[in-house]
Amino acid sequence: MTDTAAPHLFSREEGLFLPAFQAWIDPPAPAPRAILSHGHADHAAAGHGEIWASPETLSIYRIRHPEWRGTARALAWEENVAGEGVGLALHRAGHILGAAQIRVEGPEGSTLYTGDFRRSESRTTRPAAAPRADVLVMESTFGLPVFRFPPRSESEARLVAECRRAGEEGAVAIVLAYALGKSQDAVLALTEAGIPTVLHGAAWKILPAYEEAGFSFPLSRPYASGPAQAGEVLVVPPNCIRTPVVRKIRKRRILYLSGWAMREASRAEFDADVLLPISDHADFDELLAHVSDVAPAGIRTHHGYARDLARILSRGGRKAEPLSEGGERAREDAEDTDMPAPKRDGGQEAEPEP
Amino acid sequence: MSAYRELARGLDSAASTRSRLAKVASLAAALRPLEDSELAAGARLLSGSPFAEWEQAVMSVGWATLSKSAASITGWDIETIGASARAIGDAGEAIGLLLPSAVERSEPVTSPLEIRDVDERLRELATKRRAADKQAIVEDLLRRSSPLEARYVVKTLSGGLRVGAELATIEEAIAEAFGADRESVARAHRDCGDIGETALAARRGSLDAIRFRMFHPVGFMLASPIDNPEEIESELSLDVVEDKFDGIRAHAHKSGSRVALFSRTLDDVTAQFPEIALALAAVPGQFLLDGEIVAWKEDRVDSFFRLQRRLGRKAPAVELLAEIPVAFIAYDCLVTGDTPLFERSWSERRGELERLAAAGGFRLSAVHRAADAAALESLFRSARERGNEGLMLKREDSPYLAGKRGRAWRKWKKALATLDVVVTAVEQGNGKRAGMLSDYTFAVRDGDRFVNIGKAYTGLTDEEIRRLGARFRKITVGRYGPVRAVSPEVVIEVAFDTIQKSRRHKSGFALRFPRIVRLREDKKAAEIDTVGRVEEIWESVQGGGTGKIG
């Protein structure tokens with residue numbers, strides 16, 4: 001089954017395909033040639049033959065898949081790659097270190113595939129670029145108007161204040177954040193405030209990729225070097241909440257950093273004392289702003305509230321519909337559509353490894 | 001006059017902490033500054049309803065009215081409102097998030113919402129019948145609300161503030177706010193059935209002046225279960241033994257010619273049981289009895305399944321009244337005349353109950369005593385032979401602890417033999433387990449097919465439910481609205497109270513009060529119990545036995 005998703009982009013059972021480059025975008029299964037938007041595991045599967053990606057994404061991929069022996073092709077931002085009359089270029093996507101949007105342009109027109117993206121900046125990312133395109137294939141993780149996040153700086157200030165307060169009360173602040181992206185950003189905010197951090201192995205092992213990109217983590221140490229002491233902040237993925245890593249800390253204050261923290265229900269799901277809606281995804285307003293800046297003639301939404309966002313955009317006079325594709329369905333199924341919190345936000349982490 | 005905003009802030013700060021003490025402090029801080037004229041309404045709103053319990057009034061605002069109102073005020077279409085409520089998991093939170101803040105609104109905001117306004121408008125809802133009238137009121141409230149206020153207005157309308165503060169927490173907050181004794185606050189609230197009046201009396205130091213008021217639902221004293229036979233020996237010190245009846249627990253209020261029956265859910269069920277009301281009305285005096293509504297046949301209690309046909313019918317047909325008569329079996333007396341007896345011992349209350357029973361009009365639960373475990377076992381058997389569920393063991397010197405589950409009362413019902421079943425469908429739970437796949441439909445084996453026999457909600461730990469949730473998502477084979485059909489792989493052991501023939505499930509049987517005992521990860525679906533085995537247990541129940549076989 002093949003469906004033309006957008007100019008030069010096809011939707012097939014196995015995922016999104018660019019015929020002009022004989023390449024798959026973020027394929028969930030090993031592919032001869034994959035173009036990876038970023039390093040989260042649900043976009044960067046193991047075992048590809050050839051990988052095209054930003055240098056940062058390649059570094060992350062190599063750390064996470066040390067066994068990989070394929071061919072890497074690093075693409076600089078906006079560097080044009082030509083193939084059968086079609087041009088391809090990566091544009092910044094915000095989201096996490098190295099995350100890219102993929103733009104193709106040819107005789108049929110132009111397509112911008114956003115991958116996961118964020119338009120506001122963070123400590124480790126610049127805002128997503130918004131190159132014009134005829135068709136915008138856009139993620140819609142937070143495609144409902146209830147998902148409007150407060151400014152990141154405000155949430156980071158709360159993060160620092162709450163962690164400091166926990167320390168003063170002799171408690172260990174536990175920050176629940178995805179291991180790749182969110183954790184490093186949180187650690188940098190805490191480091192700037194002079195607060196030492198203890199990192200879960202999954203977040204710790206990625207640090208070299210960040211150091212390569214010019215970031216440093218002078219106040220951090222790995223969990224393997226010993227449990228967190230009062231005054232230190234423990235940074236672990238959310239799925240650690242039921243493990244001894246968290247449970248054996250008697251005096252603790254739990255902070256949940258996620259877009260899903262907009263839901264009061266996540267307080268119970270994660271035993272969280274503090275809910276901080278910090279996300280690496282575009283919120284609802286950013287999704288609309290992206291549509292407005294890219295100014296596409298058509299929009300295909302995918303991930304999360306794809307159908308809802310497409311309906312909302314259509315009512316606003318845009319031509320929008322959800323993207324259906326085999327690979328997409330497989331991924332949505334694997335995702336926790338009922339209790340989205342622990343997974344969707346790049347919840348790619350394997351079992352916690354203290 | 002105080003702004004509703006202050007109550008909403010108090011509730012929000014109570015919601016944002018897991019510490020009970022901090023919740024109490026937030027609620028107390030919200031109550032303290034209220035003026036006398038608005039304190040009662042404020043306290044009731046903090047408890048989630050504009051009405052006192054004795055008023056027995058409901059706002060009856062359904063999702064259709066609520067979502068239409070929200071659509072009209074926020075400008076979002078109904079589908080987006082619905083999707084948002086599902087995504088956030090709470091209509092109040094979602095609508096609060098969708099409401100543009102004051103600065104974003106084009107129309108000028110009218111005067112800020114005062115506690116009195118919210119109280120009046122919510123009360124008005126109970127007086128309106130037409131959906132359009134209700135919608136107009138809800139829209140007016142939302143139009144005048146900030147996002148934070150809307151959050152709690154909508155939560156109040158949709159029947160749950162969900163801030164983790166039960167009535168006991170509000171009672172504690174009242175005590176803290178006005179320097180009153182917690183027990184006195186609880187007693188006053190129990191007696192007058194109005195958390196608002198209680199708050200005002202607490203501030204005025206007049207809690208002791210609150211007298212018992214009839215005709216409002218009072219909490220039931222609950223028994224804790226005896227789970228294993230070893231406990232029986234130690235519980236012999238509990239003095240008296242009664243049969244545990246298989247019916248509907250109810251409080252019967254009677255004064256003059258008026259009678260009201262309140263169920264465990266604190267609903268007025270009087271109209272469902274006219275013959276009981278009529279009989280009690282003929283008993284002289286004013287009183288409040290605790291007892292059981294049972295189906296009655298000749299001279300004994302009839303099965304719960306027959307009683308079920310009488311439930312939920314506001315005005316039962318004459319034919320049904322004749323076919324399934326019911327009776328009220330009283331086992332406690334909480335008020336006689338103007339005297340509340342809650343604080344008196346069981347023995348004293350029993351004395352009053354027997355005195356009232358002399359006039360007829362209701363049945364009296366028989367009291368037994370057991371000298372040793374063997375005697376108790378024999379009482380259990382005869383209770384089962386009389387068609388009752390098991391035994392109640394009560395302490396003679398215990399007061400009536402309204403709304404509390406304690407060890408002064410114990411219940412003993414042996415479970416039937418358990419069944420190993422396989423899960424065939426799952427859906428999300430409610431309340432504390434919202435968002436978790438915690439409700440399981442399960443089946444027994446019929447040859448090489450699986451036929452459903454019941455559905456259970458509890459019994460596993462949150463951790464187990466979470467772990468299974470991940471597995472169920474992997475083995476989902478179809479989706480029907482909120483229900484996921486799953487491949488029959490996960491085996492669980494269920495206990496139940498009894499078994500009945502039923503057309504609801506494919507197996508032709510239904511389990512009463514099924515609960516999950518444990519996960520049987522050691523078992524495969526091919527090894528679970530069969531319909532034949534279910535039939536066997538059913539037959540043993542018909543024989544009046546305990547079903548303890550196999």
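What is the order of the strands in the open sheet of seven strands in chain A, and is their pairing mixed or parallel? The order is β8-β9-β10-β11-β12-β19-β20 of chain A, and the pairing is mixed. Before I continue, please note that this is a predicted model, in which local features need pLDDT of at least 70, side-chain atom pairs count only at pLDDT 80 or more, and totals for chains, interfaces and linings use all residues. Residues are numbered from 1 along each chain as its sequence is written, while chains are lettered from A and ligands numbered from 1 in the order in which they are written.

Helices (H or I, at least four residues) and strands (E, at least two) are DSSP runs, numbered from the N terminus. Two strands pair if DSSP finds at least two bridges between them.

A:V104 has A:T111 in β11(A) as its bridge partner. The loop between β9 (86-92) and β10 of chain A holds A:H95. The phi of A:H95 is near 50 degrees, a positive value in a residue other than glycine. Most residues other than glycine have a negative phi. A:H95 is buried because 30 other C-beta atoms lie within 10 Å; the term buried requires 20 or more such atoms, exposed means 12 or fewer, and partly exposed lies in between, with C-beta atoms placed from the backbone.

I turn to the other sheet. Which order do the six strands of the open sheet with parallel pairing follow in chain A? They follow β15-β14-β16-β13-β17-β18 of chain A. The edge strands are β15 (220-222) and β18 (274-276) of chain A, each pairing on one side only. Neighbouring strands of this sheet are turned by 25 degrees against each other on average, direction ignored. Helix α2 (residues 152-168) of chain A packs on the sheet and touches β13, β16, β17 (252-257) and β18 of chain A; the direction of α2 makes about 150 degrees with that of β13(A). Four bridges link β13 (residues 172-176) and β16 (residues 233-236) of chain A, which run parallel, and A:I174 stands opposite A:L234 in β16(A).

Chain A as a whole has 10 helices and 20 strands. Of its 354 residues, 56% count as buried. Its radius of gyration is 20 Å, which agrees with the value near 20 Å for a compact globule of 354 residues; the radius is taken over C-alpha atoms, and the globule rule is 2.2 Å times the number of residues to the power 0.38.

Next, the contact between the chains. It takes 19 residues from chain A and 24 residues from chain B. On the side of chain A that touches chain B, α7 (265-269) and α9 (306-315) of chain A are the elements that give two or more residues. α9(A) gives the most, with four residues.

Finally, the interior. A nonpolar core is a set of buried Ala, Val, Leu, Ile, Met, Phe, Trp, Tyr and Cys residues joined through C-beta atoms within 7 Å. The largest such core has 177 residues, and those with the most contacts inside it are A:V175, A:L176, A:V235, A:L255 and B:I174. Not counting residues up to four places away in sequence, B:I174 touches B:L31, B:A43, B:A180, B:V185, B:T198, B:A199 and B:A202. A second, separate core of 51 residues includes B:V241, B:L379, B:L391 and B:M392.

Technical notes: Two residues are in contact if their C-beta atoms, placed from the backbone, lie within 7 Å. Axes are lines fitted to C-alpha atoms, for helices over the stretch in contact, and angles run from 0 to 180 degrees between N-to-C directions.
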